[in-house]
Amino acid sequence: MLLAIDVGNTNIKYGVFDGNKLAASFRVASHVKKTADEYGAVLTNLLSTSGISLKEIDGIILSSVIPTLNYTVCHMCEYFFGVKPLVVGPGVKTGLNIKAENPREVGADIIVNSVSAYKKYGGPVVVIDFGTATTFDVVSAKGELIGVIIAPGMKTALASLVTGTAQLPMIELEAPRSVLGKNTENAMQAGIVFGMAGLVEKIIDKIKSETGFGKLTVVATGGMAKLVKGEVTCINAVDRTLTLEGLRLIYDLNKKTEA
C-alpha cells in the first residue's frame, strides 16, 4: 500500500492507496513543535482504526509547504514504517512543464494539484485550492503550468479581522441569507464569503481574458471549496481528494521511471 502525505500550513492530510483506490484518509493539525513520535503515534492509531497494518505500507510520498516539518515527518516514516519517503521537489519527475521564472519557487502543493487536475480533467484547467491561502493554478491544454495566483484564504482573512480589531468575534464561516448584514456575525460572513466569491469570479474572468481559452474547466479543492461553489457559477467541480490523487500519480510515475 502507498501512504501519501500532504503537509499543509494548517493540516496534514494522509491518504492510503491500495493500488489506484483510496482506501482511507485522515487529517490532523500541522504543528512544527510536534515530534516524529507524536505524529507517528497518532497516525498509527488512525491506521489501526481503519484496519490497516503498518507492515502493509511499502511506499510513501510526501508533499510539504512547511520545510521545517520535513525532517520530522521523514523521520517518522523511516522509524514507524521503515520506508524512506519520496519527497516532491527538485529532481522528482512530475510530468508537468512549469513555465515560471524560477520553477524551484513553485510550491509542492501547486505542482501536485496541477498534475492531478490535468490527468483527471484534461486542459486547460484551473485548480482553486481554498486553504490557508487561496491559490489558482492555471494549466494549459499541453499540460503546462503557465501561471499561479495567490490570495488570502478565508480563514486567514477571518483570523486577521479578529486579531486586528477590538470587537469583532470569531465566527462560523457560512453564507448568510443576505449580503446586507443585520448583526456583526452576518456582516462578517457577508464580507468574507461573498467577497471570496467575487474574487473567484473576477480572477477566472481575467484568466479567460488573458489566455484566450475558449473552454476552461475550473476545479476547486480544500476545506472551503464547497461553500464557495454554492456562491459562484464558474466552478465546475469540487474534488476533495485531488491532492492525494496527485501524489499517487507522481509516485507511480517515478517508480515506473526507476523500473
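This is a predicted model: local features need pLDDT of at least 70, side-chain atom pairs count only at pLDDT 80 or more; totals for chains, interfaces and linings use all residues.

Reply: Residues are numbered from 1 along each chain as its sequence is written, and side-chain values use heavy atoms, with hydrogens and water left out.

Me: How many helices and strands does the protein have, and what makes a run count as one?

Reply: The protein has seven helices and eleven strands. These are DSSP runs numbered from the N terminus, a helix being H or I with at least four residues and a strand being E with at least two.

Me: What radius of gyration would a compact globule with 259 residues have, and what does the protein have?

Reply: The globule rule is 2.2 Å times the number of residues to the power 0.38, and the radius is taken over C-alpha atoms. For 259 residues the rule gives a value near 18 Å; the protein has 19 Å, and so the two agree. The C-alpha trace spans about 55 × 45 × 30 Å along the principal axes. Among contacts (heavy atoms within 4.5 Å) between residues at least 6 apart in sequence, 56% join residues at least 24 apart.

Me: Why are helix 3 and helix 7 called roughly perpendicular?

Reply: Helix 3 (residues 108-121) and helix 7 (residues 242-258) pack at an angle of about 90 degrees, and their axes are 8 Å apart. Axes are lines fitted to C-alpha atoms, for helices over the stretch in contact, and angles run from 0 to 180 degrees between N-to-C directions. Angles under 35 degrees count as roughly parallel, over 145 as roughly antiparallel, 65 to 115 as roughly perpendicular and the rest as oblique. Helix 3 and helix 7 are therefore roughly perpendicular to each other.

Me: Which residues make that contact, and how do they divide into nonpolar, polar and charged?

Reply: Helix 3 contributes Val112, Asn113, Val115, Ser116, Ala117, Lys119 and Tyr121, while helix 7 contributes Leu242, Thr243, Glu245, Gly246, Leu247, Leu249 and Ile250. The residues of this contact divide into eight nonpolar, four polar and two charged. In this scheme Ala, Val, Leu, Ile, Met, Phe, Trp, Tyr, Cys and Pro count as nonpolar, Asp, Glu, Lys and Arg as charged, and the others, Gly among them, as polar.

Me: Why is aspartate 6 called buried?

Reply: Buried means under 20% relative accessible area, exposed over 50% and partly exposed in between (1.4 Å probe, protein chains only). Aspartate 6 has a relative accessible area of 6% and is therefore buried. Its place is in strand 1 (residues 2-7), and the residues that aspartate 6 touches beyond four places in sequence include Thr243 and Leu247. In the protein as a whole, buried residues make up 45% of the 259 residues.

Me: What makes a nonpolar core, and which members of the largest one touch the most other members?

Reply: A nonpolar core is a set of buried Ala, Val, Leu, Ile, Met, Phe, Trp, Tyr and Cys residues joined through side-chain atoms within 4.5 Å. In the largest, with 28 residues, Val126, Ile128, Phe130, Val200, Ile204 and Ile235 touch the most other members. Strand 7 (125-130), strand 8 (133-139), helix 4 (154-164), helix 5 (184-211), strand 10 (217-221) and helix 6 (225-229) each supply at least two residues of this core. Helix 5 gives the most, with nine residues.

Me: How do you know whether valine 200 is buried or exposed?

Reply: Its relative accessible area is 0%, so valine 200 is buried. Valine 200 lies in helix 5, and its contacts beyond four places in sequence are Ile128, Phe130, Phe136, Val228 and Cys234.

Me: Why is phenylalanine 81 counted as buried, and what is the relative accessible area of leucine 3?

Reply: Phenylalanine 81 has 10% relative accessibility and so counts as buried. Leucine 3 is buried as well, with a relative accessible area of 0%. Phenylalanine 81 belongs to helix 2 (residues 67-81), whereas leucine 3 lies in strand 1. Beyond four places in sequence, phenylalanine 81 is in contact with Leu3, Leu43, Leu47, Leu54, Ile57, Ile60 and Met76.

Me: Where is there a cis peptide bond, and what is its omega?

Reply: A cis peptide bond joins glycine 123 and proline 124, with omega about 0 degrees. Proline 124 lies in the loop between helix 3 and strand 7.
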